[in-house]
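Please look through the briefing below alongside the sequence and the 3D view, which are shown next.

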Amino acid sequence: MSPDLKYLLFSTILTFVQVLVAAIGANQAVGLNTLAGNREGLGEIPGWAGRAKRAHLNMIENMVLFAALVLITAVAGKASAMTAMGAMIFFWARLAYAVIYVAGIAWLRTLAWFVSVIGMAMIAWELLKAI
């Protein structure tokens, strides 16, 4: 397995862990009966649980782009040291982002997100050079 695909796997596992953390937080905030219901009029979940949910949703948005880039790299046979580094940067920045977001550190969270975008840009740049 290429490093790019390995970090795609790690990022997928991170996304799964984030949904579990968000679910645990929501359960603590509003209870299982509310979560098992239709959730109509539920509103925003407060505190760290709400931040965990928003961090997870942001991860899903970014995973679409990251997965596409990594899979295009694999199918095109363009994996390289640079794409591997981009994938590694994406994963570690996203892990940091998740922890920082749940902790509620706003500006540092934005920096971690930006670093993850740089990782994706590195992969995209390598693919564009190959066209």
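**Briefing on the chain**

Leu14 lies in helix 1, where a helix is a DSSP run of H or I with at least four residues, a strand is a run of E with at least two, and both are numbered from the N terminus. This is a predicted model, in which local features need pLDDT of at least 70 and side-chain atom pairs count only at pLDDT 80 or more, while totals for chains, interfaces and linings use all residues. Residues are numbered from 1 along each chain as its sequence is written, and side-chain values use heavy atoms, with hydrogens and water left out.

**Overall make-up**

- The C-alpha trace of the chain spans about 50 × 30 × 20 Å along its principal axes.
- Of the 131 residues in the chain, 35% are buried, a term that stands for under 20% relative accessible area, with exposed meaning over 50% and partly exposed in between (1.4 Å probe, protein chains only).

- Leu14 counts as buried, because its relative accessibility is 8%.
- Leu14 and Met59 are 45 residues apart in sequence, and their C-alpha atoms are 8.8 Å apart in space.
- Val17 also has its place in helix 1, but Val17 is partly exposed, with a relative accessible area of 40%.

**The nonpolar surface patch**

- Met1, Leu9, Phe10, Ile13, Val17, Val21, Ile24 and Trp48 make a nonpolar surface patch of about 730 Å², and helix 1 gives the most to this patch, with six residues.
- Patches are made of residues with over 30% relative accessible area and no salt bridge, like charges being joined within 9 Å and nonpolar side chains (Val, Leu, Ile, Met, Phe, Trp, Tyr) within 5 Å.
- Accessible areas come from the Shrake-Rupley method with a 1.4 Å probe, and for residues only the protein chains shown count as cover.

**The largest pocket**

- The largest pocket holds about 190 Å³ of space, and its lining is made by Val19, Ala22, Ala23, Ala26, Leu35, Arg39, Leu42, Ile45, Lys53, His56 and Leu57.
- A pocket is an open set of points, on a 1 Å grid over the protein atoms alone, where a 1.4 Å probe fits and protein lies on both sides within 12 Å along at least five of seven lines, and lining residues have an atom within 4 Å of a point.
- Helix 1 (3–30) and helix 3 (47–76) each supply at least two residues of the lining, with helix 1 giving the most, four residues.
- The lining residues divide into eight nonpolar, one polar and two charged.

**Salt bridges**

- A search of the whole structure finds two salt bridges, each being a side-chain nitrogen of Lys or Arg within 4 Å of a carboxyl oxygen of Asp or Glu.
- In one of them the side chains of Arg54 and Glu44 meet at 2.6 Å, N to O, and this pair links distant parts of the chain, with Arg54 in helix 3 and Glu44, 10 residues apart from it, in the loop between helix 2 (32–36) and helix 3.
- Arg54 counts as partly exposed at 31% relative accessibility, whereas Glu44 counts as exposed at 59%.
- Lys129 forms a salt bridge with Glu126, the closest N and O atoms being 3.0 Å apart, and both residues lie in helix 5 (residues 106–129), three residues apart, about one turn of the helix.
- Lys129 counts as exposed at 52% relative accessibility, whereas Glu126 counts as buried at 17%.

Note on methods:
Grid points are joined across faces, edges and corners, and a volume is the space filled by probe spheres set on the points. Ala, Val, Leu, Ile, Met, Phe, Trp, Tyr, Cys and Pro count as nonpolar, Asp, Glu, Lys and Arg as charged, and the others, Gly among them, as polar.
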